[in-house]
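My notes follow the order in which I looked things up.

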Amino acid sequence: MKNQEPIQLYSNLIKSDVGDLFAIVDNEHIYLLCFREEINQKMKALSNYYNYMIENKKTKTHEYLQLQITEYFQGNRVQFDLPCVLWGTEFQKKVWKQLQTIPYGTTISYKTLAKKIGNEKAYRAVGSANGKNNHVILIPCHRVIANNGTLGGYTGGLQIKERLLAIEYTE
């Protein structure tokens, strides 16, 4: 259900080793972290859940997010402690919460993820929810691979998924 009162959000770009990421935050929470190519689609989706006013302004939350993303790509951060606001369908939120339990440096299959949320046959739906993840890197959908061990898909492209997994497996 969409909120009635508009909330104030702030947008800014976050630099990363896989390109600029687009971040929308309030004074404490991350609402969106996505690849540049997804901005229009994600903003439209966000408007289905929140009535918001947005200002292009760098905040302390952006600075802390930038620090943690930089540390992650340097191999110095294995866990993020930024509060993410999950917005999407109940099924998507259930998948995203489960994604957050996958340990750094490990992968699981879409089928295993579907089992963990209580519906082994929902692996395609789990894959779709992964593709709609609103907090790229922070919620580690890149740690989910196909049952046969291949990478499967990734919204940012398989080269980025390979890069993220390589960071985590070289520790």
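I took helices (H or I, at least four residues) and strands (E, at least two) as DSSP runs, numbered from the N terminus. This is a predicted model, so I kept local features to pLDDT of at least 70 and counted side-chain atom pairs only at pLDDT 80 or more, while totals for chains, interfaces and linings use all residues. Residues are numbered from 1 along each chain as its sequence is written, and side-chain values use heavy atoms, with hydrogens and water left out.

**Entry: the loop between S1 and S2**

I began with Ser 16, which is found in the loop between S1 and S2. For burial I used relative accessible area, with buried under 20%, exposed over 50% and partly exposed in between (1.4 Å probe, protein chains only). By that scale Ser 16 is buried, at 16%.

I then looked up its polar contacts, that is, pairs of N or O atoms within 3.5 Å; within protein, one atom must be able to donate a hydrogen and the other to accept it, and residues adjacent in sequence count only if both atoms are side-chain atoms. The side chain of Ser 16 comes to 2.6 Å from the backbone oxygen of Gly 19, and one of its polar atoms lies 3.1 Å from the backbone nitrogen of Val 18. With contact taken as heavy atoms within 4.5 Å, and residues up to four places away in sequence not counted, Ser 16 touches Leu 21, Ile 69 and Phe 73.

**Entry: salt bridges**

I counted a salt bridge wherever a side-chain nitrogen of Lys or Arg is within 4 Å of a carboxyl oxygen of Asp or Glu, and the structure holds seven of them. One of these joins the side chains of Asp 17 and Arg 163 at 3.0 Å, N to O. Asp 17 lies in the loop between strand S1 (7–14) and strand S2 (21–25) and Arg 163 in helix H6 (residues 158–169), so this pair ties together parts that are 146 residues apart in sequence. Arg 163 is partly exposed, at 32% relative accessibility.

Are Arg 77 and Glu 71 buried or exposed? Both are buried, and their side chains meet in a salt bridge at 2.8 Å, N to O. I compared this with Glu 120 and Lys 111, whose salt bridge has an N to O distance of 3.6 Å; Glu 120 is partly exposed at 39%, and Lys 111 is partly exposed at 30%. I also noted a network of salt bridges that links Lys 15, Asp 20 and Arg 36.

**Entry: nonpolar cores**

I defined a nonpolar core as a set of buried Ala, Val, Leu, Ile, Met, Phe, Trp, Tyr and Cys residues joined through side-chain atoms within 4.5 Å. The largest has 38 residues, of which Leu 33, Leu 65, Ile 69, Leu 99 and Ile 137 touch the most other members. At least two residues of this core come from each of S1, S2, strand S3 (30–35), helix H2 (60–73), H3, H4, H5 and H6, and H2 gives the most, with four. Leaving aside neighbours within four places in sequence, Leu 65 is in contact with Ile 14, Ala 23, Ile 30, Leu 33, Leu 82 and Leu 138. Apart from this core lies another, of 13 residues, among them Leu 32, Cys 34, Ile 39 and Leu 46.

In helix H5 (residues 123–131), I found Val 126, Ala 129 and Asn 130 buried. Seen down the axis of H5, its buried residues fall within an arc of 105° (taken from the directions from the helix axis to the C-beta atoms), so they line one face of the helix. Their cover includes helix H3 (90–99), helix H4 (110–116) and strand S6 (144–145). In H3 itself, Gln 92, Lys 93, Val 95, Trp 96, Gln 98 and Leu 99 are buried, and the buried residues of H3 pack against H4, H5 and S6.

**Entry: cysteines**

How many disulfides does the structure hold? With a disulfide taken as a pair of cysteine sulfur atoms within 2.5 Å, the structure holds zero. The sulfur of Cys 34 is 12 Å from the closest cysteine sulfur, in Cys 141, which is too far for a bond. Cys 34 is buried at 0% relative accessibility, and Cys 141 is buried at 8%.
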